[in-house]
Amino acid sequence: MQTLSLIGNPNCGKTTLFNALTGTTAYVGNWPGVTVEKKEGVWNGFRVLDLPGIYSLSPYSPEEQLSRRYILDERPDLIVDVIDATNLERSLYLTSQLAELGRPVLIVLNMQDLLEKEGITIDEKRLSLMTGCPVVSISASKGVGLDQFKIEVEKALEENRAPACPLFSNFVEKYINALVEDDYLHAIPKGRQPRWAAIKLLEEDELFLATMPPFPEEFSLFLEKARQSLRDHYDDDVEAVIIDQRYKVAEHISRATQAKKKQKSPFNFDTIATNRFAAIPLFIAIMGGVFYLSIGLVGGITTEWLEGLFEMLGTNLTVLLSSWGVFPLLSGLLTGGIIAGVGAVLTFVPQLFVLFLLLSILEDCGYMARIAFILDRMMRSIGLSGKSIIPLVIGTGCTVPAIMSTRTIEHQKQRELTVLVTPFIPCGAKMPIFALMITYFFPGQWYIAPMIYLTGVLAVVLTGFIMRAFDRHKERTVFILELPRYQLPTAKNVWLQTRERTLDFVKKAGTIILLSSAIIYLLSSFSFTLQPVSAEASMLAIIGRLIAPIFKPLGFGFWQASVALLTGIAAKESIVSTLSVTMGEAHITELFTPSSALAFMTFILLSSPCIAAISAMAKELGSKRKLLFALVWQTGIAYLAALLVRALVLLIM
Amino acid sequence: MATMDELAVGQRACVGAIKAPKQLKRRLMDMGFTKGVDIEVVKMAPMGDPMEVSLRGYNLCLRKAEARVIELK
């Protein structure tokens, strides 16, 4: 099967095109660096690869290195160079590097629909002539131009012709040509182009030099002489000279093919969004609004109603099953186990749907990069980067994609610290347990829910401060981020993203939660000798009592809580379902007190995340030692904070 | 020599040499800060840092510490 690989600057719409082609719903958003892993799909009998965005083939962060390695080593049959048409010049800088790889390149001018708004016209024919690549205009988000895209792809594969390499100034060309003609260049690894290799040798590209056998002395001398001559002539290092030359080419082509009508946009949202005084209050208002709308408003209306519905379903089913003479254990498993457990989780679908919807609008419109911009200064003071705020916001939905999104943070220490603190922000799956506790112990006390988020933020800040204080080698960190254009989120994309995440939640309720509820019910109905016993004498209670003493100081040293926390490792939603299954006829207010309920919530808020998030952490941290440290840190903070909260409440009350 | 971090909002300037370690220099140049390119400071973040600049038809934000290595002509 022939392979197309989509490559281009971050946030130029590669994944939107990938989704439009392959019919998948891979994660898209409007900030640079949404895609951090290679994605594969099939379209029209071609293998299509979506790669993380890069500005240049000299990469900095791990996800950019992935793109470079792939494009150099795997040599796709066609390089699909996706260009944000409103950002032609900088995009052509990457094109000038792609053209040297000896593979056919198809230029895709994406975001065609925005050009008109911006008053830009691009002469496609001329662009094609000057770059030597076929050019096609599309709008991936609107699905426009995909037929023509298909025709061009097939034509380009048929012709299988690499474009001519962009030419630099005569002075530079002289040395490139001399190197290309040198016999030594035949020693370059297979599949590498001589011209590309010559440029990399002049630039002293470390990744490339490492793949080369040692140079003969004569060649080495010649190479150094060439570099020195270039340095002297341009009064700069060779790498800078080459970059400069490439941008000259890009500038030249962009000026010759692009016409811009000056037009002042009537209103720029950034006047408020990044305003010196309004920016931070606005951010707080937006996040507050998101939670108020989803949890407060929609959650308030639907939760009670759905709870009633599942309760009624359970009662009716019990009556029905007993009238059929069904074995009581089986009827209990269905109602007390599965319906109680799964129902406790499904109750939260409407508010999570709204939360996912609002988050996806935020991600789509371009605001995320602005948050990183306005908060960088604050984040830096706790050892994080402005870019760390993006995972923290995504983490209010689900911690797993949040942890993956840390990959765009260039500096390793900041990236690892972000991975460590992201789970402190409560994900959607932790919401059921908070809601349950608030309903029974703090009804009508609106300030509890915001306090939970604040506690999470506090844990982030505290961890940052402590880590910074113990960091002996404070290194210089960098924050460079493109601010994307604002765009109206498309209904289709918002709907797809929201549906995907909500379905994920529902699916988990139908699989992990269903299974664990059933198992928990059975374990709480039998003793170790498999005799049907009361829950208090069941094997689950015995297991739970082994752990329970640990939580005694926190006020929830009873077996039900311990078992619930254990199942929470599989999925945080399980905590609620396990509680509702194991409590049986007892009421939650008989087990918890307001102080232990708060301690329980605090512990769940801060302790290690679910297994899916733990494995995401493992992947990003890349070392067992660091993972273990993170888990111990999170659980340690959780334990201490819960202890503190309980002590405070007992003191005050 | 004036550097980019000294510019006020709304000021335009022309980029000169970049005096930075190899990696940062390459990074800035990859983003389009090459000799002779025109830039304009669009905005400062609420706490005065980072700054937003426009160049080559797009907007970018970077910290003052990074802007300090970019000399102006």
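This is a predicted model: local features need pLDDT of at least 70, side-chain atom pairs count only at pLDDT 80 or more; totals for chains, interfaces and linings use all residues.

Biologist: Start with chain B. How many helices and strands does chain B have?
Modeller: There are two helices and five strands in chain B. Going along the sequence, they come in the pattern β-α-β-β-β-α-β.

Biologist: And how compact is chain B for its length?
Modeller: As compact as a globular protein of that length, because its radius of gyration is 11 Å and the globule rule gives 11 Å for 73 residues.

Biologist: What share of the residues in chain B is buried?
Modeller: 44% of the 73 residues. As for contacts in chain B with a separation of 6 or more, 51% of them join residues 24 or more positions apart.

Biologist: Now the sheet. What's the strand order in the open sheet of six strands?
Modeller: S9(A)-S4(B)-S3(B)-S2(B)-S1(B)-S5(B), with antiparallel pairing.

Biologist: Which strands stand at the edges?
Modeller: Strand S9 (480-483) of chain A and strand S5 (70-72) of chain B. Each has a single partner strand, so one side of each has no neighbour in the sheet. From one strand to the next, the twist averages 45 degrees.

Biologist: What packs on the sheet from chain A?
Modeller: Helix H16 (residues 367-381) of chain A does, touching S9 of chain A plus strand S3 (51-55) and strand S4 (58-62) of chain B. The direction of H16 makes about 140 degrees with that of S9(A).

Biologist: Back to the S5(B) end. How many bridges link S1 of chain B and S5(B)?
Modeller: Two bridges, in the antiparallel sense, with S1 covering residues 12-18 of chain B. B:Val15 has B:Leu72 in S5(B) as its bridge partner.

Biologist: Switching to chain A: what are its domains?
Modeller: Domain 1 is 3-159, domain 2 is 170-260 and domain 3 is 280-652. The centres of domain 2 and domain 3 of chain A, over C-alpha atoms, are 53 Å apart.

Biologist: Last one, A:Asp84. Buried or exposed?
Modeller: Buried, because A:Asp84 has 23 C-beta neighbours inside 10 Å and the cut-off is 20 or more. A:Asp84 sits in strand S4 (residues 78-84) of chain A.

Biologist: What does A:Asp84 touch, leaving out residues up to four places away in sequence?
Modeller: A:Asn9, A:Cys12, A:Gly13, A:Ser91, A:Asn110 and A:Met111.

Notes
Residues are numbered from 1 along each chain as its sequence is written. Chains are lettered from A and ligands numbered from 1 in the order in which they are written. Helices (H or I, at least four residues) and strands (E, at least two) are DSSP runs, numbered from the N terminus. A residue is buried if 20 or more other C-beta atoms lie within 10 Å of its own, exposed if 12 or fewer, and partly exposed in between; C-beta atoms are placed from the backbone. Two residues are in contact if their C-beta atoms, placed from the backbone, lie within 7 Å. Domain bounds come from an automatic or database domain assignment. Two strands pair if DSSP finds at least two bridges between them. Axes are lines fitted to C-alpha atoms, for helices over the stretch in contact, and angles run from 0 to 180 degrees between N-to-C directions. The radius of gyration is taken over C-alpha atoms; the globule rule is 2.2 Å times the number of residues to the power 0.38.
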